[in-house]
Amino acid sequence: MIRFTAITIIGLAILAVSPGAKADIHLEIGLAATPTVAQDPALEAYSEKDLRMGRFGADIRLEVASFWRDIHLLPFIGYRGALDEGDPFGMMETGLKTHDLFAGFRFRGWFQPWLGIFLEASGGLLVAGMTGDIWSADGTGARSRYKDKQITWSAGGLAGLELRLSPAMLTRRGVTKFNFGGEIGAGYVRRGDISFSPELVGGDEYSLPVESTADWGEINLSGWVVQIGLTFSFF
Amino acid sequence: MRKTSIFYIFLLLWSATGCGVEGLYRDDINVRTTVRLKSGLAFLEGDPGRVLFVEMTQDGVKTKTVFEARLGEEIISMRGGPAPEQATELFIMTAPEDPRETTIDEALFRVDPLTGSTHEFAIGSVFGGMSFDPTQRYAVLYHQDSDATSTGGLFNPNEVGVIDLTALPATDNPRILSVGIGGRTIQGVHFMDELVVDGVTRQIVIFGADGMIKMIDLTDPLASTVSVKLVNDDDPRSVVPIKILERPGDDAHDPLIFALASQSQDIYAISLVAHPEGEPGFWATLNQYDGGANPSDIAVVEDDDIPLLVVASSSGSLVTVVDVDTADMFSITLLDSPTRILVREQEGSDEAVLYGDNLGRIYFLAVDDLATEKGSNLDDMIIPDGILESSVLDADRLMIIPYYDTGLALLDLNEREITRLTSQSGYDWTGATMQDGVFFLGQPGGDEIVSLDMVTGHPEPLILDESVQRLDLFPQVGMGFVLHPTATGRGTLFPLDLPTRENAIIVDGFWLEGFLDNKEVTE
């Protein structure tokens, strides 16, 4: 959180002393890789990569207004997906698929025609689906897969730098409807606890009913995030 | 600008390293011991160890961790007790994980998994052996040969621990005693019923070692001990007591203890008497009887208040009877060599049933007038398909695996009638367990449980979805439980009165219960 606050303060300070940039209503599509470092060690049950979750996805942003020293406001919606795999206790192969669906606001200011800073906040839902394929289940009709899906809330913030092709240069070349850029940022996402009590599936129609399975406990996927992305702007 | 860039690069590098708990969820689940209690199964898992208890109910199972080694401590062993077949508590022995660990001492934990009650007894060293007395009042700890490995060779083989299970841990509970067996290792513990020796009621426990037995009166706070040497020190044989019987004293006899020992043709009879010099405690005198050829079992019977010792032999096709008072003996010739003896009542009189494996007959030796009638008292019964294996089901029945056929037969000892329950091949009925007139058999590696009703003789298979690792019956809740080898911890639960597939359910995931909440690495 200290890092997040520092980034925010530094960004706003730079913005405050920078010359203004012209606001322009337009649509943006961003593609992003947003790796997350979860704080809960329980993720190791689903991840052989320690606590890193590789999340990938896209945002759709719309610049709608500018105000105070040409700070631009961009409401957005976004999606991030991640797939992690682990093998806890050497007894099964686990998979954790997460889908982040969120909406938020991005504040952006260009302090150079090609370089800017952004700060965003978002909130949404996290859909987490897990599987566990048991290696040692044997016998006809043996149930061999755990399965569960849970939904929880998420909220987060991100700050960083944005790059784009200089509008003046594009105009000189006759390109006025499109721009292309990139971004790099860091932040934090807070998520609700997820409690997995998976259903045991597999077998066939003759398999014995499963009356009780274990409550695996809780996992929390909150953590620090880094975002590297590409931005396609359409005017 | 340069500082900002450096800051971002730092963030990226930090993220790229990832963070985690080294070793978390990495170790395989390693079940070291499984103990059946009256109400469920206890599993000792991992190193330094934790104990998971799976309680059986009619609706499913309840799983909880009932004991975990503390930091610096490891679990050495786990047993059920104090009633061997109806154990309700766990007895868990712990020791320092490292010899340099000074804050942890060797201890025995008594844990009731249902209530969570735990008592710690300081025992001072790791004992490989532990026995409970049949009255469930005492537990005795003793060293075995294997302790030389587990303790690094530093242990006193003469040391035993006596725990009063009716009392809480205290400075005098357990009592650590030195039994003085001359450097021998205790190879067995035998608890006697209460015996009155010279007017004093004594609870005697016998420690058997090579060539010697040691007796301790557990009720005596001074723990007076008596040694009896069975053979001379230079005897090369390994003469270790394997079966010990007692006969209470009466007007004509002092209390007697009989010992059958390995590699010995003799039966040892020990009279318990008052100390000859009037000192506190008791004393013992030794007699030896000829036990015939390779004695394999002994029984004490009473013929008109005359104690007789019946001795079965593993060779020679004979049974030997010894008059304890006069040491007179006689042998009765048989057609084969039954190795075991069951003493039971038949029509108001005692009889000794001689049975065993690889036989053609079962022998019945009437006790009344045995000393005078001798061989006339012997009767036998031909078993049509022979006996591959036989065992006592209860006082009135023997279970017989036929020699020349497959299946299972029951011998009614009252009627002396044999009933073939099944001829179905492919089942090893020696591993069967009987409950309320039904045999339950689950062969490890097999994929079914067979229940065989003794009245109807009808075998009913319960086909399972997975193979059998072990089968346990829990009559207290009316359920049977089949443990499967699936690593997550899985079993099939079925009612004992309706052991069919329609009534069976799968319970799963003992080892996964709450594991996401447990983020500590124990080593």
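**Strands, contact, cores, domains**

Let me begin in chain B, where strand 3, residues 50–56, pairs with strand 4 of chain B in the antiparallel sense over seven bridges. Before I go further, please keep in mind that this is a predicted model. Within that pairing, B:Leu52 stands opposite B:Thr65, which belongs to strand 4 of chain B.

Both strands sit in an open sheet of four strands in chain B, with the order 1-2-3-4 and antiparallel pairing. Why is one side of strand 1 and of strand 4 of chain B left without a neighbour in the sheet? Strand 1 (31–36) and strand 4 (61–68) of chain B are at the edges and have a single partner strand each, so each has one side with no neighbour in the sheet. From one strand to the next, the twist averages 20°.

Next, the contact between the chains. It takes 46 residues from chain A and 42 residues from chain B. On the chain A side, at least two residues each come from helix 1 (2–16), strand 10 (178–191), strand 13 (210–212), strand 14 (217–220) and strand 15 (223–234). By class, the chain A residues that touch chain B are 26 nonpolar, 10 polar and 10 charged.

There is also strand pairing across the two chains. Strand 13 of chain A pairs with strand 41 of chain B, residues 505–508, in the parallel sense over two bridges. Here A:Val210 stands opposite B:Ile506 of strand 41 of chain B.

Now the cores. The largest nonpolar core has 170 residues, and those with the most contacts inside it are B:Val51, B:Ile92, B:Phe258, B:Ile267, B:Leu309 and B:Val310. Take B:Leu309 from that list: leaving aside its neighbours within four places in sequence, B:Leu309 is in contact with B:Phe258, B:Ile267, B:Tyr289, B:Ile298, B:Val300, B:Val322 and B:Val324. A second, separate core has five residues, among them A:Met91, A:Ile134, A:Ala137 and A:Ala142.

Last, the domains. The domain assignment of chain B gives domain 1 as 33–178, domain 2 as 331–431 and domain 3 as 435–523. How far apart are the C-alpha centres of domain 2 and domain 3 of chain B? They lie 33 Å apart. Eight residues of domain 2 of chain B are in contact with seven residues of domain 3 of chain B. The domain 2 side of that contact in chain B has four nonpolar, three polar and one charged residues.

That's what I have; I'll take questions.

How values were computed
Residues are numbered from 1 along each chain as its sequence is written. Chains are lettered from A and ligands numbered from 1 in the order in which they are written. This is a predicted model: local features need pLDDT of at least 70, side-chain atom pairs count only at pLDDT 80 or more; totals for chains, interfaces and linings use all residues. Two strands pair if DSSP finds at least two bridges between them. Axes are lines fitted to C-alpha atoms, for helices over the stretch in contact, and angles run from 0 to 180 degrees between N-to-C directions. Two residues are in contact if their C-beta atoms, placed from the backbone, lie within 7 Å. Ala, Val, Leu, Ile, Met, Phe, Trp, Tyr, Cys and Pro count as nonpolar, Asp, Glu, Lys and Arg as charged, and the others, Gly among them, as polar. A nonpolar core is a set of buried Ala, Val, Leu, Ile, Met, Phe, Trp, Tyr and Cys residues joined through C-beta atoms within 7 Å. A residue is buried if 20 or more other C-beta atoms lie within 10 Å of its own, exposed if 12 or fewer, and partly exposed in between; C-beta atoms are placed from the backbone. Domain bounds come from an automatic or database domain assignment.
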